[in-house]
Amino acid sequence: MHSARTEPTARRVRTLAGVFQRLNVRFVLALAAVALVALLVSGIALTQVLPNYFLDQAQRRLETASLATAVVAQNQLERMAEQNLNSVLVPELRNTRIFAPVAQVAANTLAQGTVEIFYDDGTLAAHAEPDAEHISQLRAAGLAPDLEAGSVEHPQTLSVASGVSFRMHFRVSNIYTNRAATLQRVTGTLIGAGLAALFVSLLLGVVAARRLTGPLARLRRASSRFAQGDLEERAPPFDIIEVDELSQQFNLMADQLSESVRLLQADRDRLREFVADVSHELRTPIAALRTFTELLREGNPDDAQRREFLDRSTEQINRLEWMSTNLLDLSRIDAGIFPLDMRSGDLRDPVRSTVEAHAEIAEQRGIGLVSQVPTSPVMLRFDRERIVQLLSNLVGNALKFTPRGGEVIVALRDGTESPTLQVRDSGPGIPQAELPHVFDRFFRGTNVGDARASGSGLGLSIARSIVEMHGGSISVASELGRGSTFTITLPRTAEGS
């Protein structure tokens with residue numbers, strides 16, 4: 001008996017499920033869902049954007065009303081000065097009744113809210129709110145006190161012809177606005193438009209679903225094969241314009257997805273290589289530090305050996321610090337918190353500082369390192385520390401790849417519209433096929449030897465980010481066997497920013 005009762009129920013459930021599995025029903029429901037999602041997105045956007053806009057307008061009104069109240073107070077004092085009433089302006093004879101009319105006028109007309117006037121020592125000179133008549137008019141116009149707008153206080157020094165002056169503070173708050181009423185009307189309009197759009201979408205969905213069943217089935221088969229991993233699968237053309245456009249969009253999506261997969265695979269390979277390189281780079285200094293520590297702890301070295309161990313340990317620690325700094329800079333760039341301390345200065349200063357910092361390394365490697373700067377200052381607004389970091393990355397790379405007896409030149413040219421920095425070396429150069437990728441993260445080129453092994457592939461990427469944050473551009477030109485030239489252009493428009 002129990003089985004006989006549950007069988008009709010199960011059959012009705014299967015029938016209902018079969019209805020929802022029909023393509024035309026799904027199409028209608030999909031259009032309805034799209035309309036609902038669009039309604040939801042529009043509602044979220046409007047409810048977030050409009051309140052902020054109206055709140056900004058209310059705060060602007062607060063500022064304007066505060067400034068206007070100060071102007072009215074000044075005019076009132078000037079009129080009193082013409083009537084030989086300056087004695088009331090002497091600090092010990094100040095009277096709050098002087099500013100009461102000003103505050104009331106401002107509360108009724110200028111601010112349409114609460115107005116408070118304070119002396120510079122914090123003593124209240126006047127306090128006023130819109131009177132009953134004005135409040136009735138404001139409420140009749142659909143306005144209400146806007147508590148979210150807060151308050152604005154404007155300090156102003158008031159003076160009269162006699163030379164007496166003192167500082168006052170004008171505060172405006174609780175202004176009347178129509179923000180709530182406007183938002184309510186917009187919400188009602190949005191709901192009505194959304195319901196109308198939903199009805200139209202359902203109607204059009206019923207009509208279109210009857211014509212799209214066959215073509216959409218073919219498109220569904222193509223998408224199914226694409227979803228199963230056949231990234232070369234594309235939808236065929238259709239006679240129905242709407243379906244054909246959908247087919248074209250599907251093919252475009254497939255192309256973009258295929259390209260994205262290819263890029264992700266390339267990024268994954270570069271990331272694996274980077275992780276391997278970082279692991280290798282970390283292993284070397286860690287092993288060296290461990291060895292030096294064990295020798296110092298277990299052996300009995302003399303002062304010369306101890307000094308040598310400490311010097312080598314310091315080198316390895318500096319190497320670890322360099323790697324951690326680059327990784328930290330990269331993470332800050334990705335997070336958008338790479339700070340700039342923009343100040344006006346002479347661009348020759350970071351050039352000379354960078355050359356001086358690398359002079360000893362260049363001398364040890366037998367490489368000539370020179371700077372070429374104008375005789376007169378090259379003024380620009382820039383972050384000195386970041387420009388030094390940028391030049392240090394470029395000069396460090398140039399010294400790393402330049403052989404003994406070569407030369408590295410850091411040149412500064414002062415152009416009319418923008419200064420130009422160049423770092424030139426006489427190293428082996430960069431293959432033409434690799435030039436478009438030298439600023440990519442984790443890219444280290446095909447150079448072999450210690451120079452490539454000691455890099456992490458982050459320095460040039462960080463350099464490009466620093467240049468772009470200054471609104472400039474960086475490029476590279478190179479020829480095998482004749483060295484490389486990195487050119488940086490920093491716009492002079494940044495000087496006034």
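**Notes on the helix 8/helix 9 region and its surroundings**

1. Helix 8 crosses helix 9 in a right-handed sense (right-handed when the near helix is turned clockwise from the far one by less than a right angle, left-handed when anticlockwise). Helices (H or I, at least four residues) and strands (E, at least two) are DSSP runs, counted from the N terminus. Axes here are lines fitted to C-alpha atoms, for helices over the stretch in contact, and angles run from 0 to 180 degrees between N-to-C directions.

2. Before going on, a word on the source: this is a predicted model, where local features need pLDDT of at least 70 and side-chain atom pairs count only at pLDDT 80 or more, while totals for chains, interfaces and linings use all residues. Residues are numbered from 1 along each chain as its sequence is written, and side-chain values use heavy atoms, with hydrogens and water left out.

3. Who makes the contact between helix 8 and helix 9? From helix 8 come Asp349, Pro350, Val351, Ser353, Thr354, His358, Ile361 and Ala362, and from helix 9 come Arg384, Ile387, Val388, Leu391, Ser392, Val395, Gly396 and Leu399; contact means heavy atoms within 4.5 Å. By type, the contact residues of this pair are nine nonpolar, five polar and two charged (nonpolar being Ala, Val, Leu, Ile, Met, Phe, Trp, Tyr, Cys and Pro, charged being Asp, Glu, Lys and Arg, and polar the others, Gly among them).

4. Then there's the five-stranded open sheet, in the order 8-10-11-13-12 with mixed pairing; two strands pair if DSSP finds at least two bridges between them. Strand 8 (368–372) and strand 12 (473–478) are the edges, each with a single partner strand, so one side of each has no neighbour in the sheet. The twist averages 10° from one strand to the next. Strand 8 pairs with strand 10 (residues 407–413) in the parallel sense over five bridges, and Ser371 stands opposite Val410 in strand 10.

5. How do the two helices sit on that sheet? Helix 8 touches strand 8, strand 10 and strand 11 (420–425), and its direction makes about 170° with that of strand 8. Helix 9 lies across strand 8, strand 10, strand 11, strand 12 and strand 13 (484–489), running at about 20° to strand 11.

6. The largest nonpolar core has 37 residues, and those with the most contacts inside it are Leu347, Leu390, Leu394, Leu421, Val423 and Ile488. For the record, such a core is a set of buried Ala, Val, Leu, Ile, Met, Phe, Trp, Tyr and Cys residues joined through side-chain atoms within 4.5 Å, and buried means under 20% relative accessible area, exposed over 50%, partly exposed in between (1.4 Å probe, protein chains only). Elements giving two or more residues to this core include strand 9 (379–382), helix 11 (459–469) and strand 13, but helix 9 gives the most, with seven. Beyond its neighbours within four places in sequence, Leu390 is in contact with Ala463, Ile466, Val467 and Ile488.

7. Have a look at helix 11 too, which is mostly covered, with eight of its 11 residues buried. The buried ones are Gly459, Leu460, Ser461, Ile462, Ala463, Ser465, Ile466 and Val467. Asn393 in helix 9 is buried, with a relative accessible area of 15%. Leaving aside neighbours within four places in sequence, Asn393 is in contact with Gly459, Ile462 and Ala463. Just after helix 11, Gly471 takes a positive phi of about 80°.

8. Elsewhere, a second, separate core of 29 residues includes Ala70, Ala103, Ala111 and Ile117. In helix 3 (residues 100–110), Val102, Ala103, Ala106, Ala107 and Asn108 are buried, and just after this helix Gln112 has a positive phi of about 55°.

9. The other sheet is open as well: four strands in the order 2-1-5-4, with antiparallel pairing. Its edges are strand 2 (124–128) and strand 4 (151–159), each with a single partner strand, so one side of each is left without a neighbour in the sheet. Nine bridges join strand 4 to strand 5 (residues 165–173), and Thr157 stands opposite Arg167 in strand 5.
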